[in-house]
Amino acid sequence: MTRNTTTAIGLALGLLAGTGASADEIKVGVIAPFSGPFAQYGVQYQQAIETYVAQHGTSAGAHEIEFIYKDVGGVNPDQSRSLAQELLIREQVDYLAGFTFTPNALAVGPVITQSETPTVIFNAATSAINKESPFYLRTSYTLWQVSAPLAEWAYDQGLRTAVTTVTDYGPGIDAETAFKAAFEAKGGEVIESIRMPLSTTDFTPFIQRVKDEAPDAVFTFLPGGPPTFTYTKTFNENGLKEAGITFLGTAETEETNLQGLGDLAIGLQTAYHYSGAHDSDMNREFLAKLAELHPDAIANWASVGAYDGVHLIYEMVKAAGSDGPAAVEAAKTMEWESPRGPLKMDPETRTVIQNVYIREVERNPETGLLENVEKGVIATVGDLGWTQ
Amino acid sequence: MDLFLNIAVDGIAYGMILFMIAVGLSVTMGLMRVVNLAHGGFALIGGALAHWLGGDLGLGFWLAALLAIAGTVAIALPLERVVYRRIYGFGELQQVLATIGLAFLMIAAVNWWQGSTLLAIQLPEGLRQSLDLGFRKLTAHRAAVILVGLMVIAGLWWLLDRTRFGIRLRAAVDNRNTASSLGIDTGRIYMLTFALGAGLAALGGILGAELLPIDAYYPLRYMVLFLIVVAIGGMGSILGSFIAAIGIGVIETASRYLVPDLATIVFFSVVILFLAIRPQGLMGRA
């Protein structure tokens with residue numbers, strides 16, 4: 001980008017921040033993948049947003065809320081930044097939301113700092129993002145937030161040795177570091193840390209290696225979709241369960257792909273912040289409304305990330321209208337009840353403090369479907385990766 | 001010794017799955033000389049149909065798989081008549097553009113029909129069991145893939161080398177005009193061969209789904225794998241593809257056992273080195 005355009009955009013953003021949009025209408029720009037291999041995220045967000053709006057109406061305080069959806073395609077930081085600029089300048093949005101991937105979220109940092117636009121992250125889970133701008137707020141989770149409590153819980157269950165198998169990319173390495181640090185701090189031993197190439201299609205060699213090491217547990221982190229499917233299948237088929245090796249995961253059994261894993265998934269243990277089977281009235285109402293609007297929809301962590309993100313935006317609008325800095329200030333002290341349990345915004349990290357549940361996959365005898373049954377809360381924590 | 005046996009067993013099982021998903025391409029691109037990047041699309045259609053017939057309609061695995069292959073062939077036949085017939089005459093770059101366009105259409109169609117989540121194909125009880133090899137376990141599914149793979153290679157060898165159809169096909173590919181003037185109905189031969197390629201793609205998609213699960217983006221996700229198998233094997237040689245698939249399976253598996261962090265680098269280095277030394281592939285004609 002040339003210097004001139006940067007200046008022009010800067011000027012435009014400055015003007016925008018000064019005047020603000022009209023008081024009675026607040027626009028929210030949602031940047032997410034709506035096409036391509038990751039379109040499911042956009043779909044989950046939009047369904048959750050529509051569910052929230054159906055439950056709470058289109059107005060927050062004295063303001064009408066309007067959502068504008070923009071398709072970023074996939075991991076594409078340049079596109080993410082230019083969409084944010086387009087939304088801020090042409091559409092004059094007051095809030096930004098969405099962001100599935102860390103690079104896409106990071107790319108808008110300088111823009112939102114300049115325009116003072118509160119930006120709610122529905123998914124991207126790398127701790128460092130929120131350090132890049134004081135206008136980031138996160139209603140999803142961070143990898144440290146779920147991996148570290150899982151390691152501590154595993155140690156408390158009597159598991160002393162572990163092998164970590166993570167996909168060799170940013171989030172995988174974050175998860176590996178978090179698990180290892182927490183597990184070894186407790187006194188456990190990580191015998192080996194295997195990093196699997198992103199393009200892996202056959203996990204048998206890695207699984208056999210784990211089996212040969214014979215640890216008490218194997219911790220894993222994989223991107224959703226095909227890798228998770230194949231890994232969990234291979235894990236079960238090679239008899240690791242029978243060999244007494246406990247599976248420890250996080251998002252591997254997420255709801256949209258869970259039924260596809262079939263009976264082999266039964267018994268897999270994960271630590272995570274949301275299960276579609278969470279036992280609360282709030283969650284049941286959320287699911288009922290979602291099913292009413294979209295009969296085929298399946299709620300997962302991306303859905304509640306968006307649902308709570310919209311709640312946060314509504315509350316910020318009620319408190320501060322289109323005044324960005326005041327809205328962020330107000331958000332820092334907010335607490336609310338979510339379909340996943342109680343939430344509280346951490347004023348320092350601007351990531352929600354929430355319950356991390358230990359869950360196990362079981363087949364629901366009534367519906368016949370697989371679900372993540374929560375066995376208890378193992379921690380109530382904010383972003384543990386902030387100070388790492 | 002255990003390590004060596006593990007590499008051999010897993011490598012051959014993985015290689016056979018690679019062969020199954022690439023053999024259809026070996027027929028359309030290798031034998032018919034059309035750069036068919038939509039190959040994965042036919043595998044996707046086969047897999048999606050098997051998912052739908054087996055899961056939503058509740059048919060048994062074998063019946064669903066058979067109907068899905070038949071369904072894929074039924075889609076491929078008119079496609080060959082209307083679209084591919086024109087593509088044969090294109091230059092290589094135009095073939096690439098036209099067939100990748102078709103692949104995108106297939107992806108969009110399946111995405112619209114079934115969504116972008118995984119389309120699991122439930123295996124029958126028999127294939128889900130583990131076979132005890134003494135020193136380790138192997139799932140019945142992988143053993144079955146090895147068996148079907150051997151049947152496919154034998155069947156193709158017989159069809160191409162021992163039948164009149166095979167002789168006519170080779171004649172038509174080598175010189176279409178001369179073949180026609182000798183009274184061979186080359187249009188029909190091409191159509192049948194293309195249908196065979198599409199059917200094999202569907203079979204590979206369904207049988208390989210345990211390892212390379214079906215979702216709407218399947219054709220793009222695994223395109224490089226298919227192309228590598230055919231390129232290493234050599235254009236026009238089914239046996240070459242077979243040897244290439246097994247070789248790739250064993251090398252990739254070995255590097256995952258021995259140097260997991262570097263597995264991808266080792267794999268692609270071997271492929272590049274091999275193609276630099278022998279650009280026509282294992283059994284290709286120079």
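This is a predicted model: local features need pLDDT of at least 70, side-chain atom pairs count only at pLDDT 80 or more; totals for chains, interfaces and linings use all residues.

User: Okay. Which residue stands opposite Leu96(A) in E5(A)?
Analyst: That's Thr119(A). The strands involved are E4 (residues 95–98) and E5 (residues 119–121) of chain A, which pair in the parallel sense over three bridges.

User: And what is the strand order of the open sheet in chain A?
Analyst: The order is E2-E3-E1-E4-E5-E6, six strands with mixed pairing. Strand E2 (59–60) and strand E6 (136–138) of chain A are at the edges with a single partner strand each, so each has one side without a neighbour in the sheet.

User: Which strands does helix H3 of chain A touch?
Analyst: H3 (residues 77–89) of chain A packs on the sheet and touches E1 (25–32), E3 (63–71) and E4 of chain A. The direction of H3(A) makes about 170° with that of E1(A).

User: Moving along chain A, how many bridges join E7 to E8?
Analyst: Seven, between E7 (residues 161–167) and E8 (residues 189–196) of chain A, and these two strands run parallel. Val163(A) has Glu192(A) of E8(A) opposite.

User: Switching to chain B. How many helices and strands are there?
Analyst: Chain B has 13 helices and two strands. Its radius of gyration is 19 Å, close to the 19 Å that the globule rule gives for 286 residues, so chain B is as compact as a globular protein of that length.

User: What box do the C-alpha atoms of chain B fill?
Analyst: Roughly 60 × 50 × 35 Å, taken along the principal axes. Of the 286 residues in chain B, 48% are buried. And if you take contacts in chain B between residues at least 6 apart in sequence, 75% join residues at least 24 apart.

User: Now H1 of chain B. Where does the helix bend?
Analyst: At Ala22(B), by about 40°; the helix covers residues 2–31 of chain B.

User: Is H1(B) mostly covered or mostly open?
Analyst: Mostly covered, with 24 of its 30 residues buried.

User: And what follows H1(B)?
Analyst: Arg33(B), which has a positive phi, near 60°.

Conventions: Residues are numbered from 1 along each chain as its sequence is written. Chains are lettered from A and ligands numbered from 1 in the order in which they are written. The bend at a residue is the angle between axes fitted to the seven residues ending there and the seven starting there. Helices (H or I, at least four residues) and strands (E, at least two) are DSSP runs, numbered from the N terminus. A residue is buried if 20 or more other C-beta atoms lie within 10 Å of its own, exposed if 12 or fewer, and partly exposed in between; C-beta atoms are placed from the backbone. Two strands pair if DSSP finds at least two bridges between them. Two residues are in contact if their C-beta atoms, placed from the backbone, lie within 7 Å. Axes are lines fitted to C-alpha atoms, for helices over the stretch in contact, and angles run from 0 to 180 degrees between N-to-C directions. The radius of gyration is taken over C-alpha atoms; the globule rule is 2.2 Å times the number of residues to the power 0.38.
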